[in-house]
Amino acid sequence: MIFKKYTQIISILVIVSSIYLGFFSIMPNATLKKEVPLTEFSSERALVHLKQIAEKPHFTGSPAHEFVVDYIKTAFEKMGLEVEIQEQMAINKKWRAATRAKNIIARIKGKEKGKGLLLLTHYDSNPHSSLGASDAGSGVVTILEGVRAFLATGTQPKNDIYICITDAEELGLLGANAFVNHHPWAKNVGLVLNFEARGSGGPSYMLLETNGGNKKLIEAFNEAHTPYPVANSLMYSIYKMLPNDTDLTVFREEGDISGFNFAFIGDHFDYHTVQDSFSRLDINTFKHQASYLMPLLNYFSSHAVEDFKSDTDYVYFNVPYLGLIFYPFSFVTPIFIGCVFLFLVLLFMGISKKVLSFSGILKGFIPFIFSLAFSVLLAIYGWKLVLKIHPQYNDILHGFTYNGYYYIALFAFLTLTICFWIYKKYIQKYTYYDLIIAPIFFWLLLNGGIAFYLKGASFFILPPLVLLVMLAITIFSDKKEGSVMLFTLLSVPVLALFAPLVKMFPVGLGLKMLAISTFFTVMLFGVLIPVVHQYKNKNLMFKLMLFGSVLTLVLATSFSGYNEERREPNSILYMLDTTTSEAYWTSYNTKVDSFTVQFLGENPLPGSFDDNTTASKYNTGIKWHQKAEIKTFDLPSIQIASDTIVGESRTIQMQIESLRSANRIEMLTKTPIQFKSFKVNGVAIPNNGTDFVFSVQKGTVMSYFMTAPHELIEIEFSVAKEQQLSFDFLEAKYDLFENPQFKIKPRTPVMMPMPFVLNDATVIKTSINL
């Protein structure tokens with residue numbers, strides 16, 4: 001009797017616990033152990049390295065860059081490894097970024113000949129202010145400590161174990177390009193384990209990359225028994241939607257080498273900023289990242305890594321405490337058809353037994369459709385309203401604000417409030433078994449699209465399966481009520497598996513994806529209809545959701561401002577146009593603040609002074625400009641070494657030198673150009689059998705990042721002889737605050753340089769016509 005009296009409360013607690021389980025059971029405990037045997041991985045020992053590596057920004061070409069190279073090299077040498085510094089000119093075809101990269105390479109010799117395992121990450125931080133603790137200092141120290149612990153066991157691996165800590169990943173995966181295309185060891189690599197980060201917290205996801213089926217990779221990963229696997233076959237599809245790749249992409253695309261990415265994306269607001277510091281890296285997250293390495297290193301050091309090609313793909317997903325569940329793509333369509341058949345049979349039997357009614361079923365579609373429509377529209381237009389109220393959010397270019405987690409919770413609570421409000425009169429009039437037909441239908445409809453177009457998400461079949469079980473129990477049971485606890489328990493795996501998706505999409509892709517969160521919230525509410533329908537006090541749930549909405553709105557609003565822990569990003573550039581003999585201050589910010597006002601004034605001019613300027617990673621153009629006093633600089637030297645026409649082709653060789661030792665030179669075009677060939681310092685962009693190696697409609701042709709003073713850049717390219725050529729060169733140096741010609745009031749402690757854009761630099765624009 002006591003249990004029955006508190007059934008609703010117990011059910012709610014089970015639901016909340018299931019959601020909590022889905023979010024927090026997938027990561028290790030953050031406790032650091034002082035005494036760890038030398039043969040085991042120690043997070044504390046690893047973090048000693050990280051504190052040194054992430055002390056200063058160490059982007060390619062910076063003074064701290066050399067310190068980090070020497071530090072990592074020395075750390076491996078202390079383990080008894082022979083370390084090579086591969087210095088190689090590299091250029092990326094996709095972005096045409098180029099530099100002379102310095103990779104740190106070592107090898108643990110195996111007992112047998114054959115393909116080896118590669119441990120991969122990068123050590124450079126993003127230009128120009130990122131400290132790079134998470135991205136990817138965390139990967140560097142994971143490998144450092146993992147290799148040390150492995151060597152301490154005295155075990156000689158069966159296969160060679162290669163280590164490559166790449167340079168210039170942030171500039172366009174250039175270190176990986178240098179290794180794959182220019183180092184002889186690349187041909188001996190059979191599998192890659194790559195460690196990355198796109199934030200400073202949250203779970204570390206496994207994202208595999210392969211040019212074929214994933215069957216053998218998933219089976220091997222499962223056999224290694226990593227303790228906290230977080231992965232599903234939908235994630236790689238989401239990963240491909242992101243505006244960036246990883247070093248592993250180069251291995252897959254250019255070396256046909258498969259591998260695993262391990263990356264965390266939580267606390268995305270720290271990504272590529274000065275806040276990507278040692279102190280802000282979540283220890284729990286770091287331990288999760290490290291938990292992948294040792295089991296996989298031990299497993300692949302004694303198992304063949306030569307043959308991971310497969311024609312078979314697996315659907316896979318992790319379940320808390322159960323690990324990885326997987327099955328072949330060939331099961332997807334039969335399972336879906338079986339569920340549809342079972343649905344139709346149960347529908348027929350329910351109507352025949354007069355458990356279900358046509359009227360109730362049809363009326364049950366109304367609240368579900370309205371809940372979906374209202375919630376998705378609320379998210380789309382609600383977020384636009386939030387941006388109107390808080391325009392400062394537009395300056396967080398990747399789209400995830402410091403209070404982003406509160407907004408995810410806010411829209412989830414608002415969605416559930418809408419659901420309970422819309423369903424209120426329908427729950428009073430109709431049975432839960434009539435009302436769950438609509439959620440089953442929509443879940444099956446979603447799975448129908450998945451079965452034919454996105455098989456990796458086929459584990460979405462679990463919710464309709466659970467609903468069909470609930471429907472079957474109801475149809476064949478004499479007692480239609482009193483099953484609240486049974487149905488609550490049946491919903492546990494669905495909530496544990498799918499509730500994290502409500503958070504994952506906006507965290508990974510920005511808060512503009514809140515509509516996906518609200519969609520999944522309504523779909524999960526549909527799974528709980530048989531439960532909430534049987535609650536005695538249904539109005540309590542509406543009040544709880546409304547209270548949650550108000551509370552999270554208050555919290556989100558309270559944390560909408562900036563402070564020393566949540567810094568305001570802003571940007572400023574001094575741009576000297578040598579063609580017009582004019583100078584400008586420019587900014588990517590949406591509004592003038594107390595820092596940028598000293599350059600732009602109270603009434604700056606909107607947009608850019610020129611339509612051919614460098615854009616941000618997220619295609620954010622210059623928002624404001626203002627005329628500035630012309631300063632004196634050593635102008636770059638741009639010389640045409642040769643200009644020849646042979647047949648239908650025109651080949652030009654030019655030499656560029658920065659006389660003021662700038663950090664980067666960007667070559668842009670105002671008119672469309674098709675390049676037949678393109679070389680930078682003797683290294684060509686590969687031509688894959690097409691007439692043109694690449695084409696540019698307008699904008700960046702090539703970006704070169706300097707690694708030495710007065711570095712000479714030699715560019716050679718071929719175009720059609722009738723091609724019109726007009727180039728702008730932007731020479732940028734991150735010296736705005738050090739240049740004695742400027743007297744600048746520094747940023748306040750609540751500000752930081754905006755990431756993803758050229759910032760805090762003096763830029764000289766030079767134009768040439770050929």
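Buried residues are those under 20% relative accessible area. By this criterion, Asp270 and Arg280 are both buried in the predicted model. The two residues also form a salt bridge, with the closest N and O atoms 2.9 Å apart. Asp270 lies in the loop between strand S7 (259–266) and helix H10 (283–300), and Arg280 lies in the loop between S7 and H10, so the bridge ties together parts that are 10 residues apart in sequence.

The search of the whole structure returned 23 salt bridges. One of them pairs Asp160 with Arg107 through their side chains, at 3.6 Å from N to O. This pair links distant parts of the chain, 53 residues apart. Asp160 sits in the loop between helix H5 (133–152) and strand S4 (161–166). Arg107 belongs to strand S2 (residues 97–108). Arg107, with a relative accessible area of 29%, is partly exposed.

A further salt bridge joins Lys765 and Asp610, whose closest N and O atoms are 1.6 Å apart. Here, too, distant parts of the chain are linked, 155 residues apart. Lys765 is in strand S26 (residues 761–769). Asp610 is in the loop between strand S13 (605–606) and strand S14 (624–628). Lys765 has a relative accessible area of 2% and is therefore buried. Asp610 also counts as buried, at 12% relative accessibility.

Nonpolar packing was examined next. The largest nonpolar core holds 157 residues. Within this core, the residues that touch the most other members are Phe76, Leu119, Phe260, Phe300 and Phe460. The element giving the most to the core is helix H17 (residues 484–509), with 13 residues. The surroundings of Phe460 were listed without residues up to four places away in sequence. On that basis, Phe460 touches Leu234, Trp443, Leu446, Asn447, Ile450, Phe498, Leu501 and Phe520.

Technical notes
Residues are numbered from 1 along each chain as its sequence is written. This is a predicted model: local features need pLDDT of at least 70, side-chain atom pairs count only at pLDDT 80 or more; totals for chains, interfaces and linings use all residues. Side-chain values use heavy atoms; hydrogens and water are left out. A salt bridge is a side-chain nitrogen of Lys or Arg within 4 Å of a carboxyl oxygen of Asp or Glu. Helices (H or I, at least four residues) and strands (E, at least two) are DSSP runs, numbered from the N terminus. Buried means under 20% relative accessible area, exposed over 50%, partly exposed in between (1.4 Å probe, protein chains only). A nonpolar core is a set of buried Ala, Val, Leu, Ile, Met, Phe, Trp, Tyr and Cys residues joined through side-chain atoms within 4.5 Å. Contact means heavy atoms within 4.5 Å.
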